[in-house]
Amino acid sequence: MNRFLAMETLRKWVPLLVLAGLCLFFTAMNPHFLTPRNFARIAISSSPVLMVAIGVTFVILMGSIDLSMEGTVAVCAVLFALTLNALGGSIAGWGWVAIPVALFVGAVMGAVNGLVHVRLRIPSFMASLSLGFVGIGLSLLITGGDRILIDDPLFRSLLTVRVGGFPLMMYAALACLLVAWFIQDHTTTGRNFYAVGGGEDLARASGLNVGRLRIIGFVLAGMFYALGAIFAVARLGIAETETGRNFMFMSITSVVVGGTALRGGEGGVWNTLIGVLIVNVIGNGMVVIGLADYFQDGVLGLLVITAVWLSTDRRSLSFVK
Amino acid sequence: MFELQNIEKRYTGVHVLKGVDFRIDDGEIIGLVGENGAGKSTLMKIIYGAVQQDGGTILVDGQAVTFRTPRDAMKMGVGMVYQEQSLIPNLTVMENIFLGFERPFVRFGAIRWKKMAKAARVQLAKVGLDIDPATITSRLTFAQRQLVELAKVLALEERVEGKLVILLDEPTSVLSRDEIELLFSVVRALRRRASFIFVSHRLDEILALSDRIYVLKDGAVVDVMIAKDASIATIQKEMVGRDISTEYYREDRQFPYDEEKVLLELDHVGIVGRGNDVSLKLHAGEVLALVGVEGSGREPILRTIFGMLRPEKGTLRIRGKPVNRFSPSHSVAHGIGYIPRERKIEGIASGMNVFENMTLSQMKNYTKGGVLNIAAERKLAREWIGKLSIKVPSEYADCGNLSGGNQQKVVLAKWRSGGSDIILLDHPTRGLDIGAKEDVYAMIRDMSADGVGIILIADTLEEAIGLSHTIAVIKDGDIKQWFNCQPGAKPSLYDLIQHMV
């Protein structure tokens with residue numbers, strides 16, 4: 001029993017050890033890796049992904065999966081940019097309304113996702129994958145394939161203004177992380193996500209409204225995707241269908257690498273933070289040491305398999321489907 | 001006082017409960033017994049609100065009530081301690097206790113953990129459990145979890161007016177002797193807070209704990225007994241509707257085994273993670289029972305023989321030949337059949353029909369060039385359905401829908417028809433009613449007569465004594481004592497128990 005507990009404790013810290021190990025490795029390969037400028041770069045690339053990954057963390061904690069993030073991010077980004085530009089082009093004026101609009105759009109898309117999954121009893125995997133495509137189509141329909149430029153200096157200050165060497169975006173992202181952590185650990189809803197992930201039928205027998213919880217989970221996820229979309233637009237100054245690209249792989253990889261179990265009930269947003277950093281450190285580090293970027297995807301793919309393999313005691317599973 | 005009057009229930013034409021009357025007074029412990037299919041579980045589901053009755057009334061303190069969900073029942077003070085433990089393993093103990101009832105601990109949307117922990121300690125104290133409420137539930141032992149479940153139900157006390165009614169569904173099935181005693185003393189101590197409905201297959205426990213005993217048969221209450229006037233024999237008689245003969249275990253059909261023919265030999269085998277040393281011989285026609293408390297290391301021995309675990313040392317010989325490759329498929333090829341405790345998980349492929357299940361382990365005998373000969377499979381299935389009198393509409397029936405006894409027979413047919421002559425039985429009668437148990441005992445005798453060697457982990461000690469030729473008492477992974485069990489010279493329960501603990 002003690003050995004078992006020790007293993008479990010160790011497993012909990014593996015992601016952090018991996019992150020530290022990676023930093024040491026890349027620093028050894030190229031000392032430029034360990035500079036504040038480079039860390040700021042990692043922070044910028046991590047912020048949007050962190051939001052999306054936090055969103056999907058909630059869903060994964062319940063034992064479901066959400067693959068709609070690319071579509072949701074695209075729609076939220078495009079509608080955010082359109083609203084901002086339509087309302088005067090600056091968040092100093094009425095343009096700030098674009099932020100709640102984006103969050104609302106994300107929430108609605110999450111709600112649709114959750115309703116399709118719960119009410120029509122379609123597996124979350126299929127429901128969200130399909131609705132993700134619907135989202136991408138929708139964003140193309142709205143933009144007609146065009147890019148929408150944002151040149152509001154106040155909004156772009158998320159990227160351009162730096163405090164302590166790091167852009168404002170990172171602090172905003174950390175604030176959102178704290179909110180997510182509060183929801184996860186200190187609200188009934190958040191704790192009930194763990195209950196559903198740990199044993200859905202048992203949770204139902206205790207009187208939890210599991211269907212409603214799932215829908216709430218997807219709505220929350222949608223709102224965090226919207227935050228991801230806003231950061232992504234702030235980072236590039238452009239909103240288009242392509243804004244959503246690559247978020248699915250990056251966010252799910254981050255969640256899994258961070259140690260949140262895909263079967264649900266284990267892990268959380270702090271794991272996701274570590275996971276996002278691992279993924280971005282690898283991406284950044286490989287550029288710093290001069291490897292071609294197509295290596296990244298390959299390495300990340302292998303990393304996911306390793307993480308899933310490490311994350312559970314495989315011997316205790318008799319079957320794997 | 002909790003009362004059921006004239007409860008009726010039908011499922012798609014089957015009359016499951018036929019006008020059941022049931023009454024439980026405050027502080028009373030009621031034993032509820034009946035064979036599988038007698039309607040016990042339906043009755044319980046109606047009591048705790050998982051199922052609604054078609055007719056009749058439920059009265060709580062004289063007031064008619066309707067339970068649409070288990071939550072409605074909880075609000076009236078009726079709580080259920082589930083047979084399959086209903087705690088969510090990844091949550092803390094306190095979260096489990098207050099799951100679905102977190103509201104009193106929430107302020108401005110945030111859960112106040114300290115307040116919840118304090119309240120949880122109060123509940124845990126009621127069952128005499130001294131653990132940190134913030135412990136993750138999966139780290140508790142089974143017995144501790146059972147007590148936490150009880151504490152969870154007792155937490156209803158503060159939320160409802162009047163006394164609680166708590167259902168205990170087979171609460172002892174996963175507990176050891178000491179743990180059962182602990183649970184019983186807790187239940188007795190809680191009588192002033194709640195009344196209990198205690199459901200168990202173990203009649204000795206029913207007698208030990210209950211005040212009155214309701215006997216269900218075919219959906220009706222056939223008798224209500226005062227426990228101190230009842231005996232196991234009288235209850236059994238009421239349950240089955242006839243006398244259980246002394247020939248229950250078919251001892252008249254226990255014949256000496258063939259001492260010359262050793263089917264299986266373990267020669268100083270060390271079981272993984274046990275650091276032990278097990279030696280035994282299984283002869284043709286012998287029933288060898290392994291007895292011991294839960295966790296004494298009986299199952300790993302079976303799993304090692306079946307090739308699911310690789311021994312750390314020593315030699316395993318099948319018909320004199322040492323085994324050097326350990327895998328279930330290798331063992332199956334050498335005539336070993338394994339009937340696991342978890343029928344649903346390892347024994348039966350539900351969703352597959354009877355003949356598919358029977359030929360699952362011997363598919364190659366029924367294929368030509370990769371194509372299945374279904375006609376031959378069906379013929380085999382029909383043959384064995386007849387031989388073992390398996391109750392199925394046809395060989396096309398889905399095994400997942402069969403009763404426990406019939407599933408067990410399909411599994412046995414699977415191994416026997418494939419020519420296995422070393423059969424490992426892990427709790428073959430667990431969860432079966434008396435009639436189905438007798439069928440299983442008869443099958444064991446039939447197999448012995450055919451020269452099959454059987455290693456048995458029995459559900460009860462009586463069963464082990466009654467069925468076996470030889471008993472090995474296992475404690476902490478090692479064989480502590482051997483007993484010879486020839487008819488007429490069988491060891492007593494006491495003989496065995498003193499070596500078990």
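Is Leu150(B) buried or exposed, judged by its C-beta neighbours inside 10 Å? Leu150(B) counts as buried, because it has 26 C-beta neighbours inside 10 Å. A residue is called buried if 20 or more other C-beta atoms lie within 10 Å of its own, exposed if 12 or fewer, and partly exposed in between, with C-beta atoms placed from the backbone. The model is predicted, so that local features need pLDDT of at least 70 and side-chain atom pairs count only at pLDDT 80 or more, while totals for chains, interfaces and linings use all residues. Residues are numbered from 1 along each chain as its sequence is written, and chains are lettered from A and ligands numbered from 1 in the order in which they are written.

Leu150(B) belongs to helix α5 (residues 142-154) of chain B. Helices (H or I, at least four residues) and strands (E, at least two) are DSSP runs, numbered from the N terminus. Leaving aside neighbours within four places in sequence, Leu150(B) is in contact with Val81(B), Val127(B) and Val186(B); contact requires that the C-beta atoms of two residues, placed from the backbone, lie within 7 Å. Gly79(B) stands 71 residues from Leu150(B) along the chain, and the C-alpha atoms of the two are separated by 9.1 Å.

When residues up to four places away in sequence are not counted, Glu28(B) touches Ser195(B), Asp211(B) and Arg212(B). The C-alpha atom of Glu28(B) is separated by 47 Å from that of Gly386(B), 358 residues apart along the chain.

The next topic is the division of chain B into domains. The domain assignment gives domain 1 (2-240) and domain 2 (251-500) of chain B, the bounds coming from an automatic or database domain assignment. Taken over C-alpha atoms, the centres of these two domains of chain B are separated by 34 Å. Eight residues of domain 1 of chain B are in contact with eight residues of domain 2 of chain B. On the domain 1 side, helix α8 (residues 232-240) of chain B gives the most, with three residues. By class, the residues of that side are two nonpolar, four polar and two charged. Here Ala, Val, Leu, Ile, Met, Phe, Trp, Tyr, Cys and Pro count as nonpolar, Asp, Glu, Lys and Arg as charged, and the others, Gly among them, as polar.

Helix α9 (residues 298-305) of chain B is largely enclosed by the rest of the structure, because six of its eight residues are buried. The buried residues of α9(B) are Arg298(B), Glu299(B), Ile301(B), Leu302(B), Thr304(B) and Ile305(B). Gly307(B), which follows α9(B), has a positive phi near 85 degrees.

Backbone angles also mark two loops of chain B. Most residues other than glycine have a negative phi. Phe108(B), although not a glycine, has a positive phi of about 50 degrees; it lies in the loop between β7 (106-107) and β8 (110-111) of chain B. Phe108(B) is exposed, with 6 other C-beta atoms within 10 Å. Glu170(B) likewise is a residue other than glycine with a positive phi, near 45 degrees. Glu170(B) is found in the loop between β9 (164-169) and α6 (177-189) of chain B and counts as partly exposed, with 17 C-beta neighbours inside 10 Å.

In chain A, helix packing can be followed. Helix α2 (residues 36-61) and helix α7 (residues 168-186) of chain A pack at an angle of about 25 degrees, with their axes 9 Å apart. That angle makes α2(A) roughly parallel to α7(A). Axes are lines fitted to C-alpha atoms, for helices over the stretch in contact, and angles run from 0 to 180 degrees between N-to-C directions. Angles under 35 degrees count as roughly parallel, over 145 as roughly antiparallel, 65 to 115 as roughly perpendicular and the rest as oblique. In this contact, Ala43(A), Ile44(A), Ser47(A), Leu50(A), Met51(A) and Ile54(A) of α2(A) meet Met169(A), Met170(A), Ala173(A), Cys176(A), Leu177(A) and Ala180(A) of α7(A). The contact of α2(A) with α7(A) comprises eleven nonpolar residues, one polar and no charged.
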